[in-house]
Structures are given as C-alpha cells and as structure tokens.
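Hello,

Here is the structure I promised to pass on. Please open it alongside this note.

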Amino acid sequence: MMERFICYLINSLCCLLYRKEYQAYIRIKDVGSVQKEKLFSVLSNNKSSAYGIKYTFAEIKTIEEFQQKVPLTVYEDYQPYLEKIKKGQKNVLTTEEILLLELSSGSTSASKLIPYTRSLKEEFQKGLKPWLYDLYSSYQAIKWGKSYWSLTPVHSGEKYSEGGIPIGFEDDKEYFGNLEKELFNYILAVPSVVTRSDNMEEFYYRTALGLLTCRDLTLISVWNPSLFILLLEFMEKNEQRLAAAVILQNKKRGREVKVLLREKAFRKLWPNLNVISCWGDAGAKYYAAKLQAIFPEAVLQPKGLLATEGFISFPFSEAQGAVLSLKSHFFEFEAREDNKIYLAEELEKGKEYAVILTTSGGLYRYRLRDLIQVTGFWGRIPIIKFLGKQDKVSDLFGEKLNELFVKAALEKSGIKDRFFMLAPESDRYVLYTKTERVPAGLEEALRENFHYDYCRKLGQLKEVKVFNLTGNPRQEYLEECVKRGQRLGDIKPVVLHLQGGWDRVFKGEYL
C-alpha cells in the first residue's frame with residue numbers, strides 16, 4: 001500500500017509540473033497568432049547561423065516572405081550541413097549548441113541523424129506536458145501505480161560523431177525535464193538499464209521480468225502495439241523460467257504469475273491496468289485492436305503523431321482525437337488535392353494534407369512526408385488523424401505503387417485482419433501473409449493502378465505471388481528490421497516495404 005501511495009505522490013507532482021503548460025494550451029484562441037509567434041521566435045534565434053544568413057532570416061518580416069525566401073526541404077538537403085555538425089562545427093543550422101544527433105525512425109532503412117538542441121527538447125515538452133496532464137487528469141487511477149514506458153535497446157553503432165557529438169538518446173526519458181527523469185526512476189515498472197541489453201533475447205527477458213514483478217501496473221505506453229504483444233508471447237513461451245525468477249524476488253507474486261501465465265490470463269496479471277497508449281492508426285490499427293481484445297477493461301488511447309524530427313499532435317480527451325501541438329513548432333500543410341500550401345488556421349475538415357515543419361532543431365520548411373486528415377476542431381484547434389507516409393512509393397519499373405493504395409487494394413481482396421506486407425522481389429511483388437490460398441481479386445485490385453497495370457502489360461512486372469507465413473511474422477519482421485539498422489521502438493508496421501529479400505527472413509513457402 002505504501003508503494004502505491006508513493007506512486008500517487010510522484011505522479012501527482014508530475015501533473016502539477018505540467019499544469020501550466022496544459023492551461024496555456026487550452027487557452028489558445030487565435031491559432032494564427034500562436035503560430036506566427038513561434039515562427040519568428042525560431043527565425044530570430046537562428047538568424048546568425050550559416051543557414052539563417054544564407055536565407056536572410058533577419059530580413060524576413062512576414063510569413064509570406066518566409067515562404068518566398070526559404071525553400072521547402074527534405075532530409076537530403078541537410079546532409080552537407082550535418083557533415084559539418086558531425087565534425088563539431090558550430091552555428092551551422094542553429095546558433096544554439098547541438099546537444100546530440102538523434103536517430104530517426106526510418107521505415108525501411110538505417111536511421112538518419114536529426115540534430116537536437118535544448119530548444120527543440122522544450123518544443124517536444126510543449127506537446128508532452130499538456131498530453132500527460134490531460135491523461136493523468138482524465139484517468140486518475142493511473143496515479144496509483146507504476147508505468148511501463150517504451151524502452152528499447154540503444155543504438156549499437158557509434159556513440160559519438162567525429163566531432164564528439166553524442167549520437168542517440170540513452171532512452172525515451174530524455175524527452176522530459178531533469179526533475180521528471182529522476183522521479184520516473186521510482187515509478188517505472190521496467191528500469192532504464194534494460195536499454196543496455198546485449199541482445200534481443202536478454203532485452204525481452206529483462207523487460208518481461210520487470211513487468212511480471214510489478215502487480216500494480218496502471219499505464220502501458222509503447223509505440224508499436226505489436227511489440228507488447230510479442231512481449232506477452234515471450235512470457236507465455238518462457239513461463240517457468242520467468243515465474244521462478246519472480247519467486248526469488250517475491251514468493252507470493254511469483255506463484256500468482258506462474259498460475260496466470262499457464263492460463264494465459266494476461267489481464268489478471270495486472271488487474272489495475274487502466275490505460276494503454278500506443279499507435280492506433282494506419283498500419284498499427286490491427287495490432288492495436290488485438291491488444292485491446294487482450295485487455296478489454298483498459299482504455300486504449302491511440303497516440304498522436306510524433307516523429308524524431310518533431311512533435312505534431314497529441315491525444316486530448318475533450319477532443320476525442322489528437323490535436324495539433326500548436327506551441328511546439330511552426331506548421332505548414334500541403335493539400336493532397338491541389339498541392340497548395342496552407343497554414344494551421346486555414347485547414348478544413350475532411351481534407352488531407354502532408355505535414356511541413358519548422359523547428360528549433362534546425363529543420364526549416366521540412367517535408368515530414370506524413371499524410372494527415374483533419375477530422376474536426378476543438379475550438380479552433382485542428383484535430384488530425386495520421387493516414388500514412390506520403391513518400392512510401394515503390395517504383396521498380398515505373399509502377400509507382402503507393403502504400404495507401406496498396407493497403408486499400410489488399411483490404412479489397414479480403415486481407416485486413418492479420419499480418420500482411422507487400423514487398424518487391426526482382427521482377428514482381430510478393431504478398432507475405434498467413435493464408436492457404438491466393439486471395440481472390442488480388443492482382444486485379446493492384447492493376448487498378450494505371451502505372452502498375454501498364455508495367456504488367458509491357459511484361460516488366462510479373463503477376464504478384466503469395467508467400468504463406470508459417471512462423472511468427474511479427475517477431476521475424478521486428479528482428480530483421482533491427483539487423484537492418486532500426487531501433488526496436490521506432491519500427492512501424494508497414495503494408496508496403498520498399499526492400500526485398502523477405503522470403504529469406506520469414507518462415508513459410510510460396511503458394
């Protein structure tokens with residue numbers, strides 16, 4: 001009981017620390033003014049950087065001038081600047097010191113490096129704090145227990161650049177302030193030391209042991225819902241070993257764990273579990289629903305849109321969706337229907353846009369390539385939903401298959417309630433899924449794409465093949481992505497993968 005009370009005190013103190021930021025957010029009345037103030041703060045602070053001098057930040061007086069003088073950018077545009085930063089050169093993209101180079105969550109390849117400054121971390125906190133205050137205020141029971149926050153093995157490559165700049169956060173607590181990081185050590189079900197696990201087996205074991213030892217788990221916060229499902233499967237597979245280890249720490253809890261794991265009664269392992277926070281849109285939707293089915297009494301709150309480059313939206317209880325994090329960065333939006341650029345106050349309900357960021361980390365008019373839809377407004381603040389990656393296009397011979405189209409085509413063929421992924425392989429595409437027959441209408445659905453159909457007619461592409469999965473594709477996919485250079489917590493479920501070779505990764509056979 002004393003431990004629960006300590007958790008309540010610490011969680012309540014964190015809420016108190018976040019209240020000011022929450023109140024500042026809910027008082028927003030003029031979206032345009034907030035965004036304009038954010039933009040000119042960034043430009044003023046970085047006008048003497050090399051980038052700021054090149055694009056005359058000091059002379060820019062209006063948003064229109066900013067859009068005229070500063071070009072839209074993609075990651076590759078920053079590589080010459082990042083090479084200088086990596087060597088230790090200062091005042092390149094920002095006048096502020098670069099604290100570290102964080103690894104981005106690349107969907108299909110090794111991660112890119114994103115510069116982090118103190119002000120960029122504060123911009124993340126402008127979204128994190130109101131979200132957490134709202135979360136803990138809306139679900140008070142969370143305060144009375146411990147939390148599991150996404151902990152994944154740290155990057156195993158270089159720790160520092162040639163100029164001595166750290167590469168990568170130690171763990172996700174780094175997004176918070178120093179006081180919160182210290183407080184979190186008392187309320188985390190799984191200690192941060194797990195991030196230093198030498199291999200995946202050790203990581204799963206230490207994480208599972210920490211979770212099973214903690215009976216008073218009230219909040220689970222992970223990115224990929226399939227990761228927590230894999231943890232549950234690991235517990236089931238290693239029940240005797242884990243139960244024996246828990247008994248050494250707490251005999252009563254150990255005996256309870258032994259019985260519940262044998263019965264696969266996961267919901268009874270953590271009877272006070274109140275909220276699960278995870279991705280719930282796009283490719284994660286199926287796994288989120290599966291996790292909800294395992295823990296039906298818990299509230300599943302889909303996360304907002306957050307990228308390594310910036311904090312875009314956060315779930316807000318009154319809005320019944322994710323609201324745009326207006327105080328984090330300056331946002332622009334490219335409309336999908338006419339490719340015109342719109343500001344936050346110009347967004348319209350029902351329309352789809354690609355997100356463009358300007359941040360205090362040195363990214364200016366940066367195309368995030370995340371496609372969102374405006375589902376409504378909370379007051380004047382847009383409520384947005386993540387649809388998928390705008391730039392996820394596979395193009396072997398000019399077929400230009402887009403992930404959103406592929407997802408719709410596969411669902412039209414009846415594939416929507418299991419693991420499925422389409423990937424290129426030499427001169428055709430391969431559908432990886434658990435099935436004993438080729439889905440009816442699969443090829444026809446794909447050929448509704450004009451460019452794909454044209455490549456098929458020319459003979460450049462052969463008919464799609466189906467690979468029947470017989471193993472554990474979620475685990476096999478995650479482990480292969482780690483081998484290809486991604487951090488475990490950053491790996492998103494994908495419908496269309498841009499790289500081949502998966503028939504050598506997955507267990508199964510071609511139909």
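Below are the points I picked out, from a sheet to the aromatic rings.

First, the ground rules. This is a predicted model: local features need pLDDT of at least 70, side-chain atom pairs count only at pLDDT 80 or more, and totals for chains, interfaces and linings use all residues. Residues are numbered from 1 along each chain as its sequence is written, and side-chain values use heavy atoms, with hydrogens and water left out.

**The sheet**

Four strands make an open sheet, ordered β16-β17-β18-β19, with mixed pairing. From one strand to the next, the twist averages 25 degrees. (Axes are lines fitted to C-alpha atoms, and angles run from 0 to 180 degrees between N-to-C directions.) Strands here are DSSP runs of E, at least two residues, and helices are runs of H or I, at least four, numbered from the N terminus. Two strands pair if DSSP finds at least two bridges between them. β16 and β17 (residues 428–433) are antiparallel, over six bridges. In that pairing, L422 stands opposite L431 of β17.

**F330**

F330 sits in strand β9 (residues 330–335). Why does F330 count as buried? Its relative accessibility is 1%. The cut-offs are under 20% relative accessible area for buried and over 50% for exposed, with partly exposed in between (1.4 Å probe, protein chains only). Leaving aside residues up to four places away in sequence, F330 touches Q35, K38, L39, I63, F66, L343, I356, L357 and T358. Contact means heavy atoms within 4.5 Å. T358 is 28 residues from F330 in sequence, yet their C-alpha atoms are 5.2 Å apart.

**Aromatic rings**

Rings of Phe, Tyr and Trp (its six-membered ring) pair if their centres lie within 6.5 Å; planes under 30 degrees apart are stacked, over 60 edge-to-face, and the rest tilted. That rule gives 38 aromatic pairs. One of them is F57 with Y364, edge-to-face, at 5.0 Å centre to centre and 65 degrees between the planes. F57 lies in the loop between α3 (50–54) and α4 (63–69), and Y364 in the loop between β11 (352–358) and β12 (366–378), so the pair ties together parts 307 residues apart in sequence. Both F57 and Y364 are buried. One aromatic cluster holds Y22, Y25, Y116, F124, Y133, F311, F314, F316 and W378.

**Charges over rings**

The charged end of K303 sits over the ring of W223, 4.7 Å from its centre. K465 lies over the face of Y510, 4.3 Å from the ring centre. The test is NZ of Lys or CZ of Arg within 6 Å of the ring centre and within 35 degrees of the ring normal.

Best wishes
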